[in-house]
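Please open the model in your viewer and keep the selection tool at hand. We will go from stop to stop, and each stop says what to select and what is there.

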Amino acid sequence: MKNTTSSLETQLSAWCAETFAVCFPDADLAAIPLAVIPSKNEQFGDCQCEAAMKLAKELKTNPRAVAQKFIESAVLPDFVEKIEIAGPGFINIWLKTTALAGQLEAMQADKKLGLPNLGNSRTVIIDYSSPNVAKPMHIGHIRSTVIGNALDRLYRALGYNVIADNHLGDWGTQFGLIILGYREFADQDALKTAPVEELERIYVKSYNLSKEDETWRDRAKAELVKLQKGDTENLALWKSFIELTLSEFNRIYKRLDVSFDLYRGESFYNDQLAGTVDLLKAKGLASESDGALVCDLEADGLNVAIVRKSDGGYNYTSTDIATVVSRTEEFHPAEIIYVTDERQQLHFKQFFHICKKIGVPTKLTHVWFGLMRLPEATFSTREGNVIKLEALLNEAEARALEVVKASSPNMDDAKQKEIARAVGIGAIKYTDLSQNPQSLVTFTWEKALAMDGNSAPYLQYAYARIASVRDKYAAQFPGINPDEFPIILTEEQERRLALKLIRFPAAVETAAKLHRPSVMADYLFDLSQAYSSFYQNVPFLKADEGPRESRIRLCALTATILKKGLALLGIETPERI
RNA sequence: GCUCCGGUAGCUCAGCUGGACAGAGCAACGGUUUCCUAAACCGUAGGUCGCGGGUUCAAAUCCCGCCCGGGGUACCA
């Protein structure tokens, strides 16, 4: 009856549901959450069930009486030590320590660490990062990239076929301005040393000119029209802008260990725009208004969405609809997830709504996050207070290098740098991933580059210490295989650690389901705290044979889960830091 | 005006599909290195969960109103 591949808590939830069904055959249990959840306070057991109180409300009776009836007719599963009623009607559950140990051994034997195959090879497209061509990435761009990439990794781990698509902003009116500006005042030297910065300078200057000078504006428009009609020269220039930009972006992506399956920018869908808008008209969803073609969504509380501008051009709404239609036909995804900042919420609501009306079957999800701001102001190119993404990464590595040099002065330079890279980049990523994405985020160097406390280096440090233990054990006890000894949990720190370890699959699942990598980060921090406490307070290399091997196994499993969990966030785990 | 977020310890943030005395990190204070990496551990101190009502056995969490901060609100994406 005991199924060690599914978690003890999953089994308990099923058991509670069954028992309630037996005790209260007439109650409508479907509406009541019967799941068993981890206890917040260990004095109340390992896990608890709150269903008695919910059910009592449903039945309009005393919650303690409900819990009492449950407990009287309950046949405890063999892995449960005891259950108790407490407070207003909590059912507190204590697991048998031997069962906990058994679950750990099962996890250790399972290559997937107990992760369920939720995706079953269904396709999910994740549209993230998506920067604009000819604009450098600044620290505002890191959130979409890092959060999107973590979701990518989480979904893959759960058996989904993920297509990561970088939907570049590579088409639009700005290219007329850039082409004209390029012809008139491009600095070829600057284009070689800092291409994207120079392209941005050209764009900004040209844009400002267009606001003051009508002739300039007309000339830019003419260049745009030429580009759109396929003029060879302009097309070549446009392509070179994309290549220049991508070569720089790819350098950043490489540093961040982020990769995409597709780089389909907006231009990819260009020749499908007219057809898409025709479809909207044919379905009676779009109508003329002030010269533009619009979808009136007032009735649904979503204002009005323009799908074709009065000058005949298309905009992001039409492009995004065409993109969904195209992706749906080509890949038949179960879901498309977009990761962008909060400013685009209305846009996504509008175009999701339109997609539904034209019969797109795909589940569309907008994962949005709060804008990054400085303590004193919002970022703005005009204010000149933007922090370039590369500068941030450089600073992170530099600060990490200082710490490495201080703590490992005898290590050779190359090794120090390699560790500083992994630690610095990890710290940056973790800062973004560990917060509720929807909070307002205030950027401070102190927080972004935190190297202690709740930070990536704290987790990496825990991992590195285990790696060291592993090596020392192998050196001191050659020929002994710890896996031939059973896991036995005697110390309270061991038991606490065990309870964290078995919850790994649930953490991954929740993080993916809620589209929140912060759930994973929280879990890993919790786990590391439990491990650090164990490490500090329980001896292992100096323990007797038996407990020693059991503890080495606990270390090994913790290391495996830390490594896997951090990998799901795109964070490296050096063997030594 | 309408609308979407945020307002929790000195600072930065968790918790928010209601649950048991509100959690962590940083900063502060006090301990722990003949011992497995002190980027660590153990402890002390620190909070009217923006304000006011309401629903409930139970509200930081749900509902209503208000205040403060940020975003969006037809031809930029």
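## Stop 1

Select Asp 432 in chain A. Asp 432 counts as buried because its relative accessibility is 5%, and buried means under 20%. Bear in mind that this is a predicted model. Now show the helix around your selection: Asp 432 lies in α15, residues 413–433.

## Stop 2

Next, select Asn 149. Helix α5 is where Asn 149 is found. Is Asn 149 buried or exposed? Its relative accessibility is 4%, so Asn 149 counts as buried. The side chains of Asn 149 and Tyr 128 are joined by a polar contact of 3.0 Å.

Now select the loop between β5 (123–127) and α5 (142–157). Stop at Ser 129, which sits in this loop. Look at the backbone there. Most residues other than glycine have a negative phi. Ser 129 is not a glycine, yet its phi is positive, about 75°. Ser 129 is also buried, with a relative accessible area of 8%.

Move along to Ala 134. Ala 134 also has its place in the loop between β5 and α5. What is the phi of Ala 134? The angle is positive, about 75°, although Ala 134 is not a glycine. With a relative accessibility of 1%, Ala 134 counts as buried.

## Stop 1: two strand pairs

Switch to a cartoon view. Select β10 (residues 335–341) and β11. Do these strands run parallel or antiparallel? They run parallel, and seven bridges join them. Zoom in on Ile 337: it stands opposite Thr 365 in β11. Strand β11 covers residues 363–369. Six of its seven residues are buried, so the strand is mostly covered.

Now select β3 (residues 80–86) and β4. This pair runs antiparallel, with six bridges. How many residues lie between β3 and β4 in their hairpin? There are three. Gly 87 is in the turn, and its phi is positive, about 55°.

## Stop 2: the RNA strand

Select RNA strand B and show the residues that surround it. There are 70 of them. The closest are Asn 41, Phe 90, Glu 266, Lys 309 and Tyr 461. Colour the surface near RNA strand B by residue type. Its residues divide into 28 nonpolar, 23 polar and 19 charged.

Which parts of RNA strand B lie within 4 Å of the protein? Of the RNA atoms in that range, 58% belong to sugar or phosphate, and the rest belong to bases.

Which element gives the most to the surface near RNA strand B? Select α20 (517–537). Helix α20 gives the most, with eight residues. Other elements supply at least two residues each, including α2 (51–59), β4 (90–95), α13 (345–357) and α17 (456–476).

- Tyr 458: a polar side-chain atom lies 2.5 Å from a phosphate oxygen of RNA strand B.
- Asp 522: an N or O atom in the side chain is 3.0 Å from a sugar or linking oxygen of RNA strand B.
- Gln 529: an N or O atom in the side chain is 3.5 Å from a sugar or linking oxygen of RNA strand B.

## Stop 3: the cysteines

How many disulfides are there? The count comes to zero. Select Cys 16 to see an example. The nearest cysteine sulfur belongs to Cys 49 and is 4.0 Å away, but a disulfide needs the two sulfurs within 2.5 Å. Cys 16 counts as buried, at 0% relative accessibility. Now select Cys 23. Cys 23 is in no disulfide either: the nearest cysteine sulfur, in Cys 16, is 10 Å away. Cys 23 counts as buried too, at 7% relative accessibility.

## Stop 4: the whole chain

Zoom out and colour chain A by domain. Domain 1 covers 8–95, domain 2 covers 174–256 and domain 3 covers 389–568. How many Å separate the centres of domain 1 and domain 2? Taken over C-alpha atoms, the two centres are 65 Å apart.

Key. Residues numbered from 1 in each chain as written. Chains lettered and ligands numbered in written order. Predicted model: local features only at pLDDT ≥ 70, side-chain atom pairs only at ≥ 80, totals over all residues. Heavy atoms only, no water. Near = heavy atom within 4 Å. Polar contact = N/O pair within 3.5 Å; in protein donor to acceptor, adjacent residues only side chain to side chain. Helix = DSSP H or I, 4+ residues; strand = E, 2+ residues; numbered from the N terminus. Nonpolar A, V, L, I, M, F, W, Y, C, P; charged D, E, K, R; others polar. Buried < 20%, exposed > 50% of the residue type's maximum accessible area, 1.4 Å probe, protein only. Domains from an automatic or database assignment. Pairing = 2+ DSSP bridges.
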